[in-house]
Amino acid sequence: MPNGSLSLPARLYLLAWDTTRLKVTGATHLHHLVRAGALTELAQRGLLADVDGIATPVDADAHTGDLVLDGLLELVEESRPRKWKAWVTLRARVTLDAVRAQLAAEGYLRAEKKRVLGLFPSVEYELERVSAVEALREEARTVLHGPVPVEDVSDRDAALVALAAAAELRTLASGKDRKLYKQRIEELTDRSGAAAPALKKVIQEVRTAIVVAATAASTSGAATGG
């Protein structure tokens, strides 16, 4: 995929951008999706392991060199033991904020400082590298649609599509497409954790947490007329 140096949470965030409207989609649960991506990548790298259902750091001195991933790894290390599903939501906006700051520093986003009600400082982000996001989206759709066999898809690319589909990102696929490719999405989910049986369990748990978050957001939006 293009932008291969970007982490999984960074690519998930970029994938959420609608490049036609220049707006982020799925904003109500995007922080949960980004956090899920960070957890998944740390698990795929072997830096977080599953110990009786608990997300557990493997080596207290290990680092990835990525500020977003290392920030989450440090947070998990310093917190009391929690299950994977809990980490998908707990302080998830911290990871989202870190991803946006990172992407702004690398030129994918433009940060604009503003004040809410003229008093409170705030930062809004605009998409700068539209073509890079469009390329990322097309590659992700190719992974979803085929024709490349699932076993030939990398675990990172499989996780990108599996998590984005679970979060119902319209920028990747419509509801009709998600139904049409349901079986392939399941296969991509398995492929995401192909490195080890325990990792497959982790991916499934994280994906389930994303589905719950997306469903809750949709229900809340419907109730409020959003």
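Is Arg91 buried or exposed, and what is its relative accessible area?

Author: Arg91 is exposed, with a relative accessible area of 52%; buried means under 20%, exposed over 50%, and partly exposed in between, using a 1.4 Å probe and protein chains only. A word on the source: this is a predicted model, in which local features need pLDDT of at least 70 and side-chain atom pairs count only at pLDDT 80 or more, while totals for chains, interfaces and linings use all residues. Residues are numbered from 1 along each chain as its sequence is written, and side-chain values use heavy atoms, with hydrogens and water left out.

Let us stay with Arg91 for a moment. Its place is the loop between α4 (84–89) and α5 (92–105); helices (H or I, at least four residues) and strands (E, at least two) are DSSP runs numbered from the N terminus. Arg91 is not a glycine, yet its phi is positive, at about 50°. Leu22, also not a glycine, has a positive phi of about 55°. That leucine sits in the loop between β1 (17–18) and β2 (23–24), and with a relative accessible area of 39% Leu22 is partly exposed. A further backbone feature is the cis peptide bond between Gly146 and Pro147, where omega is about 15°. As background, most residues other than glycine have a negative phi, and most peptide bonds are trans.

Helix α7 covers residues 155–166, and its packing against α9 (residues 182–192) has an angle of about 130° with the axes 8 Å apart. Here axes are lines fitted to C-alpha atoms, for helices over the stretch in contact, and angles run from 0 to 180 degrees between N-to-C directions. The two helices are therefore oblique to each other, given that angles under 35 degrees count as roughly parallel, over 145 as roughly antiparallel, 65 to 115 as roughly perpendicular and the rest as oblique. The crossing of α7 and α9 is left-handed; that term applies if the near helix is turned anticlockwise from the far one by less than a right angle, and right-handed applies if clockwise. On the α7 side the contact is made by Asp155, Ala158, Ala159, Val161, Ala162 and Ala165, and on the α9 side by Ile185, Leu188, Thr189, Arg191 and Ser192, where contact means heavy atoms within 4.5 Å. By class, that contact has 7 nonpolar, 2 polar and 2 charged residues; Ala, Val, Leu, Ile, Met, Phe, Trp, Tyr, Cys and Pro count as nonpolar, Asp, Glu, Lys and Arg as charged, and the others, Gly among them, as polar.

Next comes α2. Its axis and that of α7 come within 11 Å and cross at roughly 155°, which makes α2 roughly antiparallel to α7. The crossing is right-handed. Leu33, Ala36, Gly37, Thr40, Glu41 and Gln44 of α2 meet Asp155, Arg156, Ala159, Leu163 and Ala164 of α7. These residues divide into 5 nonpolar, 3 polar and 3 charged.

Leaving out residues up to four places away in sequence, Gln44 touches Asp155, Arg156, Ala159, Ser192 and Leu199.

Helix α1 (residues 8–15) also packs on α7, at an angle of about 45° with the axes 10 Å apart. These two helices are therefore oblique, and α1 passes α7 in a right-handed crossing. Leu8, Arg11, Leu12 and Leu15 of α1 make the contact with Arg156, Asp157, Ala159, Leu160, Leu163 and Ala164 of α7. The classes here are 7 nonpolar, no polar and 3 charged residues.

Finally, an aromatic pair. The count comes to 1, where rings of Phe, Tyr and Trp (its six-membered ring) pair if their centres lie within 6.5 Å, and planes under 30 degrees apart count as stacked, over 60 as edge-to-face and the rest as tilted. The ring centres of Tyr13 and Trp17 are 6.4 Å apart and the planes stand at 80°, so this pair is edge-to-face. Tyr13 is buried at 3% relative accessibility, and Trp17 is buried at 3% as well.
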